[in-house]
Amino acid sequence: MDEFLQAAIDEAKQGLAEGGIPIGSVLVIDGKIIARGHNKRVQQGSAVLHAEMDCLENAGRLTAADYQKATLYSTLSPCDMCSGAILLYGIPKVVVGENVTFQGPEAYVQSRGVDVTVVDNPECKQLMRDFIAAKPQLWNEDIGE
């Protein structure tokens, strides 16, 4: 398995262990992880700390040139909010662990020039299936339903 997707999965597991939603993300530039994040909506009572947003926040201020050579890995298909951040900062490549349990606006993001690769990782799918079965109300809150 890709070491960067594995790092995102590790983040997802950390979020689950903290009582949160098991979604993780890492930002990679020049073959190195420069930031990690996981969904912290529950842990921090946040409206916006999805895994990708937490990861971007943890990266701190970057230049446009940095973003233009970055790849964002996420265990789950990025939602509208997170996809908006990807587009805003011009991140050219997104690697998605799975998009079966939830699919964000991938076609739109691709139409804007972003290379979206869906890996269809079994561990990512199982993490989400187990979580959604155990805590459907919390999951629905996370996706605005």
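User: Let's start with contacts: which residues is Asn39 in contact with, leaving aside its neighbours within four places in sequence?

Analyst: Contact means heavy atoms within 4.5 Å. Leaving aside neighbours within four places in sequence, Asn39 touches Ile21, Ile23, Leu49, His50, Ala51 and Asp142. Keep in mind that this is a predicted model, where local features need pLDDT of at least 70, side-chain atom pairs count only at pLDDT 80 or more, and totals for chains, interfaces and linings use all residues. Residues are numbered from 1 along each chain as its sequence is written, and side-chain values use heavy atoms, with hydrogens and water left out.

User: Where does Asn39 lie, and is Asn39 buried or exposed?

Analyst: Helices (H or I, at least four residues) and strands (E, at least two) are DSSP runs, numbered from the N terminus. Asn39 sits in the loop between strand 2 (32–38) and helix 2 (41–44). Buried means under 20% relative accessible area, exposed over 50%, and partly exposed in between (1.4 Å probe, protein chains only). Asn39 counts as buried because its relative accessibility is 0%. A polar atom of the Asn39 side chain also lies 3.1 Å from the backbone nitrogen of Arg41.

User: What about aromatic pairs: how many does the structure hold?

Analyst: Rings of Phe, Tyr and Trp (its six-membered ring) pair if their centres lie within 6.5 Å; planes under 30 degrees apart count as stacked, over 60 as edge-to-face and the rest as tilted. The structure holds 3 aromatic pairs. One of them is Phe4 with Tyr73, a tilted pair at 5.5 Å centre to centre, with 55 degrees between the planes. Phe4 belongs to helix 1 (residues 3–17) and Tyr73 to strand 3 (residues 70–74), so this pair ties together parts that are 69 residues apart in sequence. Phe4 is buried at 12% relative accessibility, and Tyr73 is buried at 8%.

The rings of Tyr67 and Tyr89 are stacked, because their centres are 4.7 Å apart and their planes are at 25 degrees. Tyr67 is in helix 4 (residues 64–67) and Tyr89 in helix 5, so that pair ties together parts 22 residues apart in sequence. Tyr67 is buried, with a relative accessible area of 6%, whereas Tyr89 is partly exposed at 39%.

User: How do I read cavities, and how many of 30 Å³ or more are there?

Analyst: Rolling a probe the size of a water molecule over the atoms shows where empty space is left. On a 1 Å grid over the protein atoms alone, a cavity is a set of points where a 1.4 Å probe fits but cannot get out, and lining residues have an atom within 4 Å of a point. Grid points are joined across faces, edges and corners, and a volume is the space filled by probe spheres set on the points. Here the count is 2 cavities of 30 Å³ or more. The largest holds about 80 Å³, and its lining includes Ile23, His50 and Asp142.

Note on methods
1 Å grid on protein atoms, 1.4 Å probe; cavity = no way out; pocket = protein on both sides within 12 Å on 5 of 7 lines; lining within 4 Å. Polar contact = N/O pair within 3.5 Å; in protein donor to acceptor, adjacent residues only side chain to side chain.
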